[in-house]
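Me: Can you walk me through this model? I'd like to start with the charged pairs.

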Amino acid sequence: MTIADFPRYTFLHEPTLLQPLRRTGKALGHPSLYVKRDDLMPIAVGGNKLRSLEFWVGAAMQEKADVLLVAGAPVSNQCRLTAAAASIAGLDCHIYHNAEDGLEARRASYLSRLFGASLHFLGPLDEHQRGIEVENAAAEFRRAGRRPYIIGNAAIGGLGYVRAAEELLVQSRASGADIRHVFLPGSMGPTEAGFIFGNALLGHPFQVHLASVEYGQAEFSARVQRIYEAIAELAGPDAPEFNDAVIHYHMDFLGDGYARPSPESEAAIIAFARTEGILLEHTYTGKTFACFLDLVRRRVIPADEPACIIHTGGVPSLFTQFGLFREVPLMPGS
Ligand SMILES: Cc1ncc(COP(=O)(O)O)c(C=O)c1O
């Protein structure tokens with residue numbers, strides 16, 4: 001079975017924009033810097049999870065599911081995009097938030113409600129307990145004669161970025177950009193493992209740089225390899241072996257941890273807003289763009305090797321982060 005044989009629900013009809021970062025390149029003395037705008041997609045402001053959803057919803061439709069279940073924090077991009085995808089596919093959507101119900105949580109998940117999803121606030125559970133609650137909810141739906149599909153299988157979701165690697169290579173060649181280095185946020189792993197698998201299928205045209213925004217090196221690299229191997233198992237016996245020679249893990253931008261702002265993420269958010277008009281946020285893209293800027297500035301990425309950062313989206317969460325900036329205070333004089 002090849003990746004093309006997996007059921008896919010098409011949310012993206014065209015490649016996302018590959019855009020030169022001219023002012024950034026000029027400031028850093030690097031003539032060939034690019035951003036791939038996965039934050040500009042036609043649905044719900046887009047983001048990396050929409051590529052995963054093409055395969056999750058494809059699988060759900062093949063199973064004749066009638067309701068999608070998804071879990072996450074109220075601000076989760078995966079939950080918002082699942083709600084939007086469900087509305088397009090004509091499926092019901094139930095979202096399970098591991099948070100207390102309250103004004104702040106409802107503000108953060110407001111867009112999911114706008115897309116018609118039903119929200120459930122489970123209280124402050126850990127990810128494991130949250131998973132059990134979702135399984136219980138699925139069993140309940142089945143008893144009621146419904147056909148639930150739980151969003152989140154990492155290998156299926158990773159297929160979205162297997163395709164994205166090929167999409168980027170085609171763009172890189174057609175535009176003459178000849179991209180050699182690609183940067184991505186490092187978090188739960190499906191996006192990263194999918195891209196790395198796609199890169200392997202293409203014969204490793206890219207050096208892949210992952211800026212961890214969630215885990216320490218050992219746990220993070222183990223996750224990436226585990227999901228890569230799960231994708232390889234889906235793809236069948238001809239799948240390329242995992243090869244970490246082209247993967248570069250960058251751990252210096254995690255700061256105080258997941259979703260915590262850092263001086264570097266703030267500086268990157270401000271820099272890209274004020275030089276390129278591009279919005280980033282503190283959890284994923286701010287830290288990854290900070291890593292990208294640092295490596296280019298220090299010539300770890302040589303000036304004659306073109307580099308591209310993938311903007312994985314998450315822009316709506318910036319609207320909940322206005323209190324996190326030190327240099328852009330909310331109130332005058334504060
Ligand atoms: C905007 C954004 N970027 C990056 C990631 C990380 O993707 P993954 O979970 O596949 O590691 C996420 C995950 O939610 C995200 O929402």
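Reply: Here are the salt bridges, then a look at one serine. Keep in mind that the model is predicted.

Me: How many salt bridges are in the whole structure?

Reply: The search finds 11.

Me: What does Glu54 pair with?

Reply: Arg8, with 2.7 Å from N to O. The two are 46 residues apart: Glu54 belongs to helix H2 (residues 48-62), Arg8 to the segment before strand S1 (18-20).

Me: And is Glu54 buried or exposed?

Reply: Buried, because its relative accessibility is 2%, under the 20% cut-off. Arg8 is at 30%, so it counts as partly exposed.

Me: Which residue meets Asp92?

Reply: Arg146, in a salt bridge of 2.9 Å. Asp92 is partly exposed at 39%, and Arg146 is partly exposed at 26%.

Me: What about Arg143 and Glu140, how far apart in helix H6?

Reply: They are 3 residues apart, so about one helical turn separates them. Their side chains form a salt bridge at 2.7 Å. Arg143 is exposed at 62%, while Glu140 is partly exposed at 48%.

Me: Which residues are joined into one network?

Reply: Lys36, Asp38, Arg51 and Glu167, through salt bridges that share partners.

Me: New topic. Where is Ser172?

Reply: In helix H7 (residues 154-175). Ser172 is buried, at 2% relative accessibility.

Me: What is Ser172 in contact with, leaving aside sequence neighbours within four places?

Reply: Leu18, Ala177, Asp178 and Ile179.

Conventions
Residues numbered from 1 in each chain as written. Predicted model: local features only at pLDDT ≥ 70, side-chain atom pairs only at ≥ 80, totals over all residues. Heavy atoms only, no water. Helix = DSSP H or I, 4+ residues; strand = E, 2+ residues; numbered from the N terminus. Buried < 20%, exposed > 50% of the residue type's maximum accessible area, 1.4 Å probe, protein only. Contact = heavy atoms within 4.5 Å. Salt bridge = Lys/Arg side-chain N within 4 Å of Asp/Glu carboxyl O.
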